[in-house]
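Here is a brief report on one protein chain. Keep the viewer open while reading.

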Amino acid sequence: MNEQPNNPLHGMTLEAIINALVAHYGWGALGIHVKIRCFNADPSVKSSLKFLRKTPWARAKVEQLYLTMLAEKKRKDNSPWAKLEKQ
């Protein structure tokens, strides 16, 4: 089996990625970050999955946004202000 401990996408389903992005950004902001109709016109996880599974360039953009979101969260969690907020 091929282990990928440093790949944050390893083991993540496309559905989990979409749900995490929607929870973090919301559909409106997600539609601004990745300009595809399934995020802007009557958005749903089901329609997004259907489109992204057939469209590699759109899936790549969504995966890149997910990685960016993870980096932002990590940067925020490691900031001196985050440590003060937890106290």
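Helices here are DSSP runs of H or I with at least four residues, numbered from the N terminus. By that numbering, Asp-42 is found in the loop between α2 and α3. The model is predicted.

## Overall fold

The chain has five helices and zero strands. Read along the sequence, the pattern is α-α-α-α-α.

Of the 87 residues, 28% count as buried. The chain exposes about 6,400 Å², and carbon and sulfur atoms supply 55% of that area. Take the contacts between residues at least 6 apart in sequence: 53% of them join residues at least 24 apart.

## The nonpolar core

Which residues touch the most other members of the largest nonpolar core? They are Leu-21, Ile-36, Phe-39, Leu-52 and Val-62, out of 19 residues in this core. The elements that give two or more residues to the core are α1, α2, α3 and α4. Helix α1 gives the most, with seven residues.

Val-62 shows how such contacts run. Leaving out residues up to four places away in sequence, Val-62 touches Ile-17, Leu-21, Val-34, Phe-39 and Leu-52. Among these partners, Leu-21, Phe-39 and Leu-52 are also on the list of core residues that touch the most other members.

Helix α3 covers residues 45-54, and Ser-48, Leu-49 and Leu-52 are buried in it. Seen down the axis of α3, these buried residues fall within an arc of 100 degrees, so they line one face of the helix. An α-helix has 3.6 residues a turn, so residues three or four places apart point the same way. The buried residues of α3 pack against α1 (14-33), α2 (37-40) and α4 (56-77).

What does the face of α3 turned away from its buried side carry? That face holds the exposed residues Lys-46, Lys-50 and Lys-54.

## Ser-48

Ser-48 is found in helix α3. Its relative accessible area is 0%, so Ser-48 counts as buried; the cut-off is under 20%. Not counting residues up to four places away in sequence, Ser-48 touches Ile-18, Trp-27, Cys-38 and Phe-39.

## Aromatic pairs

The structure holds two aromatic pairs. In one, Trp-27 and Phe-39 are tilted, at 5.9 Å centre to centre with 50 degrees between the planes. Trp-27 lies in helix α1 and Phe-39 in helix α2, so the pair ties together parts that are 12 residues apart in sequence. Trp-27 counts as partly exposed at 22% relative accessibility. Phe-39 counts as buried at 2%.

Phe-51 and Trp-57 also pair. Their ring centres are 6.5 Å apart and their planes stand at 85 degrees, so this pair is edge-to-face. Phe-51 is partly exposed, with a relative accessible area of 28%.

## The salt bridge

How many salt bridges does the structure hold? There is one. The side chains of Arg-59 and Glu-63 meet in it, at 3.0 Å from N to O. Side chains of opposite charge can pair when their charged atoms come close.

Both Arg-59 and Glu-63 lie in helix α4. They are four residues apart, about one turn of the helix. Is Arg-59 buried, partly exposed or exposed? Arg-59 counts as partly exposed, at 29% relative accessibility. Glu-63 is partly exposed too, with a relative accessible area of 21%.

Asn-40 is found in helix α2. Asn-40 is partly exposed, with a relative accessible area of 48%. Leaving aside neighbours within four places in sequence, Asn-40 is in contact with Gly-31, Ile-32 and Lys-35. The C-alpha atoms of Asn-40 and Ala-29 are separated by 9.3 Å, and the two residues are 11 apart along the chain.

Now the loop between α2 and α3, where Asp-42 is found. Most residues other than glycine have a negative phi. Asp-42 is not a glycine, yet has a positive phi of about 50 degrees. Asp-42 counts as exposed, at 70% relative accessibility.

Terms used:
Residues numbered from 1 in each chain as written. Predicted model: local features only at pLDDT ≥ 70, side-chain atom pairs only at ≥ 80, totals over all residues. Heavy atoms only, no water. Buried < 20%, exposed > 50% of the residue type's maximum accessible area, 1.4 Å probe, protein only. Arc of directions from axis to C-beta. Contact = heavy atoms within 4.5 Å. Salt bridge = Lys/Arg side-chain N within 4 Å of Asp/Glu carboxyl O. Areas by Shrake-Rupley, 256 points an atom, 1.4 Å probe, with all protein chains shown as cover. Core = buried A, V, L, I, M, F, W, Y, C linked by side-chain atoms within 4.5 Å. Phe/Tyr/Trp six-rings, centres within 6.5 Å; stacked < 30°, edge-to-face > 60°.
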